[in-house]
Amino acid sequence: MVDAALLRFRDDEPHDEPAVTLDAFLGQSNATAVRLESGEDARALLPQLGQLALVEVSFPSFRDGRGYSAARVLREAGYTGELRAAGDVLVDQLPLMRRCGFDSFAPEAPIDADTLQRSLDRYDYRYQPAADAVVPVWKLRHG
C-alpha cells in the first residue's frame, strides 16, 4: 500500500513493490524497485535501468544534497521510471528536486497542498538547464 502522504507528479499508477537496498538489487535479478541510501553511487544502477520501475532516494537530512546528484545522473542516463525522494524532504526543496528529475515524494512530515503549489509556482523562469524540459530564460532571450 502506498503511503497517503505520497506526492506524485506522474500519470501512471504508483509502484507499490517495496524497494530493496542497492546491495540486494545488485545481487538479484527480479527486483523492480530499489532504494539508494545517501552516499551510494547511482551509477551502479545504470546497467539495469530498463528493469526498474521505481528508484527511491533517501534524504536522511534536509541538509544532505547528495540525492540531487543521484537524480540527475539517473535522468541524464535515460531513466524514465518513478524517481522518489524520501525522508527529510521540505516543501521549499521540491521545486529544485523536480528540476533534478524527481517526480514523486515521500516526505516524513506532511506538506500543505496550498504551500506546495505556491512554492512550485513562485518563479516563471529558470536560469540554468536541468534534467527537466524547462528552457532557460537566457536561451529564450538569445535563441
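This text follows the salt bridges through the structure. The model is a predicted one.

Side chains of opposite charge can pair when their charged atoms come close. Here the cut-off is 4 Å between a side-chain nitrogen of Lys or Arg and a carboxyl oxygen of Asp or Glu. By this rule the model has 12 salt bridges.

Start with Arg8 and Glu82. Their side chains meet in a salt bridge, with N and O 2.9 Å apart. Arg8 sits in strand β1 (residues 7-8), and Glu82 sits in strand β5 (residues 82-87). The two residues are 74 residues apart, and the pair links distant parts of the chain. Glu82 has a relative accessibility of 1%, so this residue counts as buried.

Next come Arg75 and Asp103. These side chains also form a salt bridge, at 2.9 Å from N to O. Arg75 belongs to helix α2 (residues 66-76). Asp103 lies in the loop between α3 (94-100) and β6 (104-107). The pair therefore ties together parts that are 28 residues apart in sequence. Is Arg75 buried or exposed? Arg75 is buried, because its relative accessible area is 17% and the limit for buried is under 20%. Asp103 is buried too, with a relative accessibility of 9%.

Now turn to Arg66 and Asp64. Their closest N and O atoms are 2.8 Å apart, and the two form a salt bridge. Asp64 has a relative accessible area of 12%, so Asp64 is buried.

Finally, look at the network. Salt bridges link Arg8, Arg10, Asp12, Arg35, Glu37, Glu56, Arg75, Glu82, Arg84 and Asp103. Both Arg8 and Glu82 belong to this network, as do Arg75 and Asp103.

Terms used:
Residues are numbered from 1 along each chain as its sequence is written. This is a predicted model: local features need pLDDT of at least 70, side-chain atom pairs count only at pLDDT 80 or more; totals for chains, interfaces and linings use all residues. Side-chain values use heavy atoms; hydrogens and water are left out. Helices (H or I, at least four residues) and strands (E, at least two) are DSSP runs, numbered from the N terminus. Buried means under 20% relative accessible area, exposed over 50%, partly exposed in between (1.4 Å probe, protein chains only).
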